[in-house]
Amino acid sequence: MKEACGVFGVYYPGNRASYLTYDGLFTLQHRGQESAGMAVSDGQTITVFKEMGLVSNVFNETILTTLEGFLSIGHTRYSTTGSSTWANAQPAYRPMGHAGFALAHNGNLTNVDRLVEKVGMMPGMVTSDSDVLAELISKSSFFSGKDQTHALEKAVGEVINDVEGAYSLVLMDAYRLMGIRDPNGLRPLCLGVFKDESTDSELGWVLSSESAALNVIGAKFVREIEPGELIVIDETGIKSYFPFIVEPKEKLCIFEFVYFSRPDSILYNREVHGTRRRMGELLAIEHGVDADMVMGVPDSGIPAAEGYSKHSGIPYGQGLVKNRYIGRTFIYPTQEQRYKNVRRKLTPLKENIVGKRLIVVDDSFVRGTTSSALIKMLREAGAKEVHMRFSSPPFKWPCFYGIDIPTKDELLAANVEIDEIASIIGADSVGFLSLKSLMEAINAQGKEFCNGCLTGSYPSPVPTDAKPAIKMPATISDAKLFEKL
Ligand code: AMP
């Protein structure tokens, strides 16, 4: 169960929350393309609509008009292919109390088995960790009390200390919107506001995985939700609680800066794009090489390629065209399918690259599929040399907190020596940004990160089989496959 998703919530009396949530989810589409859904309340009844597919395929004018109400939460889901089913689409809903509650989750829980046992779910009933979370909350005694006005927030406060792993959640009952970030703040969540400009009074509130989605709906960024903070928004205004027993730490996932978040989002008080450019500049300092052109792998490698070019003085150029209508290649189950899909997604611009010594910048290196497919294509198109540069260190450890970074035997850099990588993927040279420079590029003074996928050091207990394997045969056969394809 691996999920890194987009979550969104709106509380805006007098307005149609479904339209705003649609725009919010549309902006968060990059965080998940498998399914989309929303729950909407008119103050009495919650209606949930969710379906497999992209936000624009799932919702249309007719559906949005029927979803009436001023209060809404929404979700876009990213998952591995195998677990991409309707049952796993969110929001999860439970018909508790007067109208029930709905929940949308970004992240991955690390103690699901224990929670499943605690709530007494049969293994076959468990569709996702988010569903287990909804079940856990629904079992709270606060839902059987007479006065259920604040049952949901009390229930969340009661059970949340048992939940381990990564979670940025948005929740709602029929009357109020809530958001909570796990005490390590692993996944992002921010707060926005709708204001009456003339009186400076607050008219409505928004919760979003990323701040970029606020601009789109005309809300203003207020702040990031603190790690371990529970926000409750209702007609009395906005309240903040810290229901955790453990001391909150700030351990935002470093991969949000490297790849996952939109470049126009704000994390740790800085716009992501600028940090990616800086990663490229530092990459040029650490791994300079003589060449004719610097190019980025669209889209995620482009800001760092610009930075590399700026610092090195080597001209920036476009060497690849991306087909925007193809989804992520990363989640296909076999190496062969992933490889073929990279070739479908990216095609070389021959005139721009023929006879040139190229520096090709991408954001990250996982299995090596993208780079080996690209190098082959670029050479076939006439490139003289191909030097691969990555604006992050290579991934050597799996992620347990919701980024689909696969098992350690699939992570090429966990299984071979770094200086073997160039020949395996067919590059003239390879260079990875060091962790030190990555931190310097982000420059979030006083802030900490989860960098478990790079260092193997995780901020909370993870399954014990997480040690990287050395020289796994799977990787060697990948190398053979690259040669063959
Ligand atoms: P790989 O081809 O396996 O080396 O993966 C690296 C490429 O996939 C880079 O182009 C990244 O931008 C992209 N990527 C890395 N991690 C992920 C992820 N968790 N989900 C989707 N794409 C990713």
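This is a predicted model: local features need pLDDT of at least 70, side-chain atom pairs count only at pLDDT 80 or more; totals for chains, interfaces and linings use all residues.

Biologist: Okay, at what angle do helix 9 and helix 10 pack?

Modeller: Two packed helices are described by the angle between their axes and the distance between the axes. Helix 9, which covers residues 272–286, packs with helix 10, residues 302–312, at an angle of about 45°, and their axes are 6 Å apart. Angles under 35 degrees count as roughly parallel and those from 65 to 115 as roughly perpendicular, and the two helices are therefore called oblique to each other.

Biologist: And which hand does the crossing have?

Modeller: Helix 9 passes helix 10 in a right-handed crossing. The residues that make the contact include His-273, Arg-276, Arg-277 and Gly-280 on the helix 9 side, and on the helix 10 side they include Pro-303, Ala-304, Gly-307 and Tyr-308.

Biologist: Which residues of helix 10 are buried, and what do they pack against?

Modeller: The buried ones are Pro-303, Ala-304, Ala-305, Gly-307, Tyr-308 and Ser-309. These buried residues pack against helix 9, and also against strand 17 (293–296), strand 20 (357–362) and strand 21 (385–390). Just after helix 10 ends, Gly-313 takes a positive phi of about 80°.

Biologist: Switching topic, where is Arg-94, and why does it count as buried?

Modeller: Arg-94 is found in strand 5, which runs over residues 92–94. Its relative accessibility is 12%, and because buried means under 20%, Arg-94 counts as buried.

Biologist: What does the side chain of Arg-94 make a polar contact with?

Modeller: The side chain of Arg-94 makes a polar contact with the side chain of Glu-135, at 2.9 Å. If we leave aside neighbours within four places in sequence, Arg-94 is in contact with Gly-100, Phe-101, Asp-131, Ala-134, Glu-135 and Ser-138.

Biologist: One more, then: is Leu-71 buried or exposed?

Modeller: Leu-71, which is found in strand 4 (residues 71–77), has a relative accessibility of 0% and therefore counts as buried. Again leaving aside neighbours within four places in sequence, its contacts include Val-10, Tyr-11, Ala-39, Val-40, Met-172 and Leu-177.

Biologist: And how far is Leu-71 from Asn-60?

Modeller: Leu-71 and Asn-60 are 11 residues apart along the chain, and their C-alpha atoms are separated by 19 Å.

Terms used: Residues are numbered from 1 along each chain as its sequence is written. Side-chain values use heavy atoms; hydrogens and water are left out. Axes are lines fitted to C-alpha atoms, for helices over the stretch in contact, and angles run from 0 to 180 degrees between N-to-C directions. Helices (H or I, at least four residues) and strands (E, at least two) are DSSP runs, numbered from the N terminus. Angles under 35 degrees count as roughly parallel, over 145 as roughly antiparallel, 65 to 115 as roughly perpendicular and the rest as oblique. A crossing is left-handed if the near helix is turned anticlockwise from the far one by less than a right angle, and right-handed if clockwise. Contact means heavy atoms within 4.5 Å. Buried means under 20% relative accessible area, exposed over 50%, partly exposed in between (1.4 Å probe, protein chains only). A polar contact is a pair of N or O atoms within 3.5 Å; within protein, one must be able to donate a hydrogen and the other to accept it, and residues adjacent in sequence count only if both atoms are side-chain atoms.
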